[in-house]
Structures are given as structure tokens and as C-alpha cells.
Amino acid sequence: MLLIYHYIPTFGFVIAFQHFIPAKGITGSEWVGWENFSYLIKLPNFYNVIWNTFYISIMKVAAGLVFPIVIALLLNELRSRFVKRSVQTLIYLPHFMSWIILGGIMIDILSPTRGIINQLLAVFGIEPLFFLGSPDMFPYVLVGSDLWKDFGFSTIVYLAALTGINPNLYEAAVIDGANRWKQTVYITLPGMAPVIILMATLSLGQILNAGFEQVFNLYNPAVYETGDIIDTLVYRMGLVQAQYSLATAVGLFKSFVSLILISFSYMLAYRFANYRIF
Amino acid sequence: MVEDRSWTARTLSTVNYTFMIMLSLLCVLPLIHIWAISLSSNMAVSSGAVTLWPADFTLDAYRYVLGKPDFLRSLGVTTKRVLIGVPINLLLVVLMAYPLSKERNVFPWRTVYAWFTVFTMLVHGGLIPTYMTIRETGIMNSVWALILPGAVPVFSVVLLLNFFRQLPKELEEAAFIDGAGHFTLLFRIIIPLSLPALATITLFSTVGHWNAWFDGMIFMKSPEHYPLQTYLRTIIIELDLTSLGSEDAIRLAENVSERTTRAAQIFLGSLPILLVYPFLQKYFMKGIVMGSVKG
């Protein structure tokens, strides 16, 4: 199965170098060398799309790294086990919803005419904002909703790292007169460091994945300028406009850069956190 | 932890509790809002009276949705893919993770096979070649196009093989001395010990199959083969107003607004997950912790 559905598609990248016509098949199509690539580089919106991809995903990585750490630390300070468990359960929930469901919810609550968010803003006298239709706001809506969906998941991972810290360290620190803040800075954070480094490096490899499922379900032509990412461009070029070779060329470009980033980040992860996949 | 009873510490603690509770509310309120809309009448919704509790309670939206043949048919497709896909996933994951968890002196080609497996996780052929492969293998438009390409979830294989490796080696030796073969060992000893990890993988793969929509959208030519999420996409996201036929127009007049029916379908689409979530999440946390944070 892996062979058929993962390896054969990998060889399919050759059509990136061809002027591919489905009826003639891979062997019958004309070879054009790098022509598809040079055509792409000349496309005016190509750079724009690459920029969007990086911009959106770097913000997502940064927010997705810092916020869960803070939440995990705060959550760890709670003494009531019941509240702790309930909070964990609730913040984790959106992670299991598909972007179809979440997209539907977002579209409803963010609607400029009838959405609850704009109703709330109106109470404070703010004009309705068209969150999903304004190119200025769209990337931030993406980052915000991505954070909303997934921060619970990362929080759990960090929380797991927190429980692995030896309690004797805290006792020793208290005897030495350290307060809660000092305990956090000198014991908790260093204790979490391997996991933090691990999560950071692994997300580095994902930087070209700005979140196809999310963007695809939330974007519209009005926000292509700031919201279009590599994967959505491949989809429109390939399956909507049937420019098979061009779309594959973009895909290959992305895979190539990703492969470099992933190898690099696994190397970092191995070096700093001694992490191996298997 | 030492109790700190000073005034500032207590204030901070209260602030923290409040913040945490607000945060978790933030995660569920949107869903509750949608639920409230789905149970309210069109009038109440459009006047903006509905926030977190249904106003002017009615089940019309649900009656309408559950009577729609499209909805039921796509629910059927999804049920089918979950019922066939999840067992296939589980079986293949277990059968792959077991040999890969062995040391190199037991299974000499282990590293080669392991890289062969993990490589697929790192490099993808891309959308178009995948699409062409599906078409060439002739499973377009059948439920197999939704099951076979993802039959081996590599992430789960890695999770499970790491779990297998931390089981005590002595168990294995004892079993072999008692005359057990590899299959007996796997099915009588290893699997019963791996239930938390297996529960995690089952949850992953069930949720994955339930939530998947993109494969349905590109591999299914005709809408009657769409799985539920793909179908939901066509009505929730694409929102094609021109497709509002006469039947829908009549419905609109009958107290069922498009917004309440959409809310009802969003809610029904997430309901199974809401139902299984509390039961599996206990296992799940254990499983994810063991798989991702080793040691």
C-alpha cells in the first residue's frame, strides 16, 4: 500500500519536467526540462504566495510555541485537580474537529451581518468587521483560529513534560528560599527545555505547510492576495485548471524545500534533544 | 508544593483560575452557540436573540436535515469508511510495528524497512501525481479510494513501535521458552499490554476517517459518493445560493432558515466526536505522552 500510494506518486514528479498531456501519458509527453519552473518564477503571484506561506506559518509556529508553554505553566499552578482535568479536556476538544466543522462555525460567528462576534463588537460601538473578507485581517484570523484549534494539544505535551520533573528539586529550592517565580525560572523551564526544543525543531520542518485544510475552507477570492498559500495554489492550478505539469512543479519545489528543512530540523532535534523517530 | 498564604499569592491564584476557566470556555462557547442556533427558530436567530441557549425552541432544523436523503447517504458513506477503514488501519499498523520494534540482530533489515516507512512521511509525491495514481489504479469513485491510500498511517506505526520497544524484553524471552511463536507472542502478550496505545491509534484513525473530506472531494466524481464531511463542505462552505431549489424555498418559509439548518448539520457532524471524546481521552493522553515524550 505504501509502495503504491506513496512511492508511485513520488515518481510522478517527473511530469514537472514535461509538458504533460494526460491522453499521451507520462511516457508519451514531451520533455521540456526546466521550462515549467522558469514559467512559474515569472508568475507575478508566485512570490506573493511563497511570502504568504512563510508569513502565515511562521506566525503560527511562534504563537503555537509560546502560548501553550504559558498555559501549561499556569495550568500547572492550579491546585484543584478537578479544575485542572476539566480545563485540559475542554481546551483539547477543538483539536478533534475537522476544519469543515470549525470553518462552518467560524463563518457563522464571524459573519459581518449576523455573526455573534460582530454583535458583541456592536455593543462596544465598533463597526462590523468583515474578518474573512478583508485581506488585512485574514492572515491573523488564520493564525488565531489555528491557535484556538491546536493549542490544547501542545499544552498537553508540555504538561506531560512538567510532570516528569523531579519533585525533589522543588523541595530543595523551597528550603533554599526560592519563591514560585524563581522555581519556575530555574527549575520548571530548564526541565521543559528538551521538549520545547523538540517541538520547535519539528515544527520547523512544517514551515511550508501553512495549513491547507484551514485556508482552503476559509479563504475566498477577496483574500487571495494575503491568504493564498502554496498548497491552495497547487490545488487550483492542478485540479481546477488542469495544468498538471505546472502544479506538480510547484509541488515538487515545495517537497524539495521541505525535505531540506525537515532533514535539518531532525538533525537539530537529534543533536539538542537526542530525539530519534524510531 | 509549599502553601503560600500571602494576600498576593491568593489573588494571583484567583486570577489564574479565572483565566483558565475563561480560556476553556472560549474553546467550547462557539460550539454551544452553534448548538443553540440549531435548536432555535428562524425568527429568534435572525433577530439576534440567540446566544448560548436556544430561544423559541424547535426541532424543525433537525427534522429537515435528518429527512434529507443527501445527508443520510453521505452519513452512510462515512460510516462505511470508518467501519472498513479503521480495522484495516489497526491490523496493518500492528503488523508493521511489531517487526520494526525488534532489534537489528533479530530482524536484520529493520533499519532499511523503517526508513522505507518513515520516508513516506517526509516526502510526498504531491497532489497531482497522487491523484493520477488513484485514477490509474481504478478505485476512483469507490469507497476504497478513501481507505487504501491511507491504509498505513505511518505516524501511528511509529507511535506503536516505540511503545512496543519499551515493553520488558523478559516477557518475550519467557514466551519463547514456553514455546510461543511470534504470532502467539504478538496476539496473546504484546497486544493485551498495549491497550492504551492501541486505543490512541483507534481514536486517531476513527477521528481521521470521520473528519477527512479532501479525499472525498477530489476522488469522488459524483456527489452521491461524498462522505459526510465533504458533503457538509458543499453546503456549509461553498454556500451556493443558486442551488436553492423550489423545495428549499418552501422549507425556508416553514420556519427553517438556512442558518439554523446549517448549524444543525455542523452540530450533527461533530456529534460522534463529542460523544466518544470523553471516554477515549483518558487513554489518549496516556498514549500520546508515551509516544511523543520518551523516557
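**Labels and the values behind them**

Reply: Start with surface. Chain B exposes about 14500 Å², and carbon and sulfur atoms supply 68% of it. Accessible areas come from the Shrake-Rupley method with a 1.4 Å probe, and for residues only the protein chains shown count as cover. For chain A the accessible surface comes to about 13100 Å², with 68% belonging to carbon and sulfur atoms. This is a predicted model, where local features need pLDDT of at least 70, side-chain atom pairs count only at pLDDT 80 or more, and totals for chains, interfaces and linings use all residues. Residues are numbered from 1 along each chain as its sequence is written, chains are lettered from A and ligands numbered from 1 in the order in which they are written, and side-chain values use heavy atoms, with hydrogens and water left out.

Me: What makes up chain B, and what makes up chain A, in helices and strands?

Reply: Chain B has 15 helices and zero strands. Chain A has 14 helices and two strands. Both elements are DSSP runs, numbered from the N terminus: helices are H or I with at least four residues, strands E with at least two.

Me: Why is T200(B) called buried?

Reply: Its relative accessibility is 0%. Buried means under 20% relative accessible area, exposed means over 50%, and partly exposed lies in between (1.4 Å probe, protein chains only). T200(B) therefore counts as buried. It sits in helix α11 (residues 195-211) of chain B. Across chain B, 48% of the 295 residues count as buried. In chain A, buried residues make up 52% of 278.

Me: Why does S154(A) count as buried?

Reply: The value is 11% relative accessibility, so S154(A) counts as buried. This residue belongs to helix α8 (residues 138-163) of chain A. Neighbours within four places in sequence aside, S154(A) is in contact with G64(A), P68(A) and M199(A). Contact means heavy atoms within 4.5 Å.

Me: Why are α8(B) and α11(B) called roughly antiparallel?

Reply: Take helix α8 (residues 154-165) of chain B: the axes of this helix and α11(B) come within 10 Å and cross at roughly 175°. Axes are lines fitted to C-alpha atoms, for helices over the stretch in contact, and angles run from 0 to 180 degrees between N-to-C directions. Under 35 degrees is roughly parallel, over 145 roughly antiparallel, 65 to 115 roughly perpendicular, and the rest oblique. So α8(B) and α11(B) are roughly antiparallel to each other. The contact involves F155(B), S156(B), L159(B), L160(B) and F163(B) of α8(B), with A197(B), L198(B), T200(B), I201(B) and F204(B) of α11(B). By class it has eight nonpolar, two polar and no charged residues. Ala, Val, Leu, Ile, Met, Phe, Trp, Tyr, Cys and Pro count as nonpolar, Asp, Glu, Lys and Arg as charged, and the others, Gly among them, as polar. The C-alpha atoms of T200(B) and L159(B) are separated by 9.4 Å, at 41 residues apart along the chain.

Me: What makes α6(A) and α8(A) oblique?

Reply: Their axes come within 12 Å and cross at roughly 125°. α6(A) and α8(A) are therefore oblique to each other. W99(A), L102(A), M106(A) and L110(A) in α6(A) meet V141(A), S145(A), D146(A), W148(A) and K149(A) in α8(A). That contact of α6(A) with α8(A) has six nonpolar, one polar and two charged residues.

Me: Which residues of α7(A) are buried, and what covers them?

Reply: In helix α7 (residues 116-123) of chain A, the buried residues are I116(A), N118(A) and L121(A). Their cover includes α6 (99-110) of chain A together with α1 (7-38) of chain B.
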